[in-house]
Amino acid sequence: MKIRRREFLKGVAAGTLLLAAEQNPAQAKRARKDLPPKAVGILYDSTLCVGCKVCEHACKQANNKAAEHSIPSEPLWDDPRDLSDKTLNIIKRYGVEGQKDSVEGFAFIKRHCMHCIDPACVSACPVSALLKDPENGVVTYNKKACIGCRYCQVACPYNIPKFEWDSPFPEIVKCQLCSHLLAKGGISACCAACPTGASLFGPVEKLRLEAKRRLGMEPGKYYDFPVADIESTEVQQHRAGGYVKHVYGERELGGSQVLYLAGVPFANLGLPDLPEDSYVALADGIQYAIYKGMVYPIVVLGGLIYIIRNREEKKE
Amino acid sequence: MQEREALGGKVLTVPFKVCAAIALIGLFFIGKRFIFGIGSVSNMNDGYPWGIWIAYDVVVGTALACAGYSIALIIYVFNKGEYSPLLKPALMTSMFGYTLAGVSVIFDIGRYWQAYNIFLPWLSNLHSVMFEVALCIGTYILVLWMEFAPVMLDKFKADQLKARLNRIIFVFIALGILLPTMHQSSLGTMMLMAGHKLSPLWWSGFLPLLFLITAVVIGYAAVIFESLVAAIAFKRPMEMHLLSKISALMPWLLGLYLVVRIEDVNLRGYLPLAFEGGLLGNLFLLENLLFLGALLILAYPNNRHSPQLLFIASCAMLLGGSMYRFNTYIVGFDPGTGWRYFPSVPEMFITFGIIAAEVMAYLWFVKTLPVLPKLTKAQHT
């Protein structure tokens, strides 16, 4: 059977149109992902944080990172300005100039990897150097695989992965939820060190319930708050803060294993308003529609080989 | 069979030496980068992890190097053999453009000594757009050299080898059309993931389609531009009959692009951003006005026979398409939290060095290898 070039091209054109129709970008999203079965994470409650930065110090010790001196003339203590290749966890303060009371809104926020349920960095990485543990959902980094392309940095909606710009042999640096401590049955260093329970470690399901419980509290009344690990028995009594009625990280971009509660709007704390569908789901969906099992590319290649070969033979 | 000739003449001309000097400066900074790290020569930072080495050398550079792809597309898929004289020079610039984009990637990636990990099946991430782009571009560089190899084999009179290569060359020609279609659209898909960090004037579900169209538009514009410049520089007759025919295609492509581009932004409700008078809005307008200008020039058949107007239109398309791509990767990208990026002087010199190396390679090849079509006696005036 001989397929004529014109017919083949018509077929290709029709196929492309079909593909384009199927691929209406708005509908190309793939389904959302579920929380891994034994997902662990952190619930950070801004209303409990006193800004002591013990968690920063504990993080540096646990992960063997050097101190940073942002003011070179005063190299007395570690004073990072933001997350960096030496700082995997940071406490930042939001405040309005001249306002000192918390009603007008000054608040602390702790920033580190969110351990997304559908992590952009994991999907972006060409060489599987960033992986999400199928059991506990921690997003880890493997320097032996990494080629240093930095697509993870472009892809991360929270700007978390950092790069060692000043090293000839650089690595990507990010919070891995102290996976080396988890492996020994421990918890992440920042939560273990937190004196007020503002950083609370535990299974994500339990942390979500705890967050809901706090949102239902009456501001000003005393309640029990677990400290360090939600599964430990240690509790402290605190006055409940006036919470913004939203658990940040529960649904943002498909959800994350790090959750935030705060008394001021999250946008003030540098946490952007984000849609519930991740950009990964969209990019994956489009990529998948085109490259589903490499069927389209192989068919097109076959067709191209066929018409080019015919043409070359005719020439001879 | 198209007869071809080497131009001959002195290779070490003044322009060649100027390029060599720029390339040497670039080489110096590349050395510095390998000893002291990327931060020692570049202004890239954790907010802007990609600078001009990716946005220009790879994303714009490979589009400028789509000349070979665009011409192969028209010759083989649309069966227009009359464009064959344009093929080899186009393939050659594509070969240089892609090869040097590949070289830039090696000094841009941090852990270059592990670059081969891309090819290890147990590490490959089939979900990663970057994986597909890297693999496609890597393979395409090889394909381009194979497609161009017959020209070199001619020079060394390796007829047997050439005959053997010619028997399988259709596979490379086919790959040479498939692979750019894949990775040029994927270069657009890549920035989908940037999500809210990319201005809504550029972020769109249509990124893959718009990147594919700009690759083809820039590819044809580069053919027209190179052909006209080479004609003037080497005092050869202009290939106006072919160029004006090719440019008849452009209004359609440009029209398709502009409709998708504007209507997409409009449907998402962000068109007012374009008229707010800010940098991003103005760049958006400029990009599209350049394309519109080229469309208006080339829509009139008479204009397509004027070398001057063709040259202006090709420049408008090169600039408009390059700006679209550059803005998608750098200017329209804002990670928030106060990060800023403007390339440093050493960083720019590395890119200038790459461009200089490309010009040098072009001059050397056309003078020593049979690349350009052979002229008849009458044409030698």
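This is a predicted model: local features need pLDDT of at least 70, side-chain atom pairs count only at pLDDT 80 or more; totals for chains, interfaces and linings use all residues.
**Conventions.** I number residues from 1 along each chain as written, with chains lettered from A and ligands numbered from 1 in written order. Local features need pLDDT of at least 70 and side-chain atom pairs count only at pLDDT 80 or more, while totals for chains, interfaces and linings use all residues.

**Chain A.** I looked up the secondary structure and found 9 helices and 11 strands in chain A; these are DSSP runs numbered from the N terminus, helices being H or I of at least four residues and strands E of at least two. Of its 316 residues, 42% count as buried (20 or more other C-beta atoms within 10 Å of the residue's own, with C-beta atoms placed from the backbone). I then took contacts (C-beta atoms, placed from the backbone, within 7 Å). Among those in chain A with a separation of 6 or more, 62% join residues 24 or more positions apart.

**Chain A against chain B.** I find 49 residues of chain A and 48 residues of chain B in the contact. On the chain A side, H3 (120–124), H4 (151–155), S6 (162–163), H8 (279–291) and H9 (295–315) each supply at least two residues. H9(A) gives the most, with 10 residues. I sorted the chain A side into 33 nonpolar, 8 polar and 8 charged residues (nonpolar: Ala, Val, Leu, Ile, Met, Phe, Trp, Tyr, Cys and Pro; charged: Asp, Glu, Lys and Arg; polar: the others, Gly among them).

**Core.** The largest nonpolar core has 208 residues (buried Ala, Val, Leu, Ile, Met, Phe, Trp, Tyr and Cys joined through C-beta atoms within 7 Å). Cys121(A), Ala155(A) and Ile218(B) are among the residues that touch the most other members. Helix H7 (residues 207–233) of chain B contributes the largest share, 16 residues. I listed the partners of Ile218(B), leaving out residues up to four places away in sequence; they include Ala63(B), Leu64(B), Met317(B) and Gly321(B).

**Domains of chain B.** The domain assignment, which is automatic or from a database, gives domain 1 (7–43 + 344–370) and domain 2 (44–335). Their centres, taken over C-alpha atoms, are 21 Å apart. The contact takes 18 residues from domain 1 and 20 residues from domain 2 of chain B. On the domain 1 side, helix H1 (14–36) and helix H13 (345–368) of chain B are the elements giving two or more residues. H13(B) gives the most to this side, with 10 residues. By class, I have 12 nonpolar, 3 polar and 3 charged residues on the domain 1 side.

Terms used
A residue is buried if 20 or more other C-beta atoms lie within 10 Å of its own, exposed if 12 or fewer, and partly exposed in between; C-beta atoms are placed from the backbone. Two residues are in contact if their C-beta atoms, placed from the backbone, lie within 7 Å.
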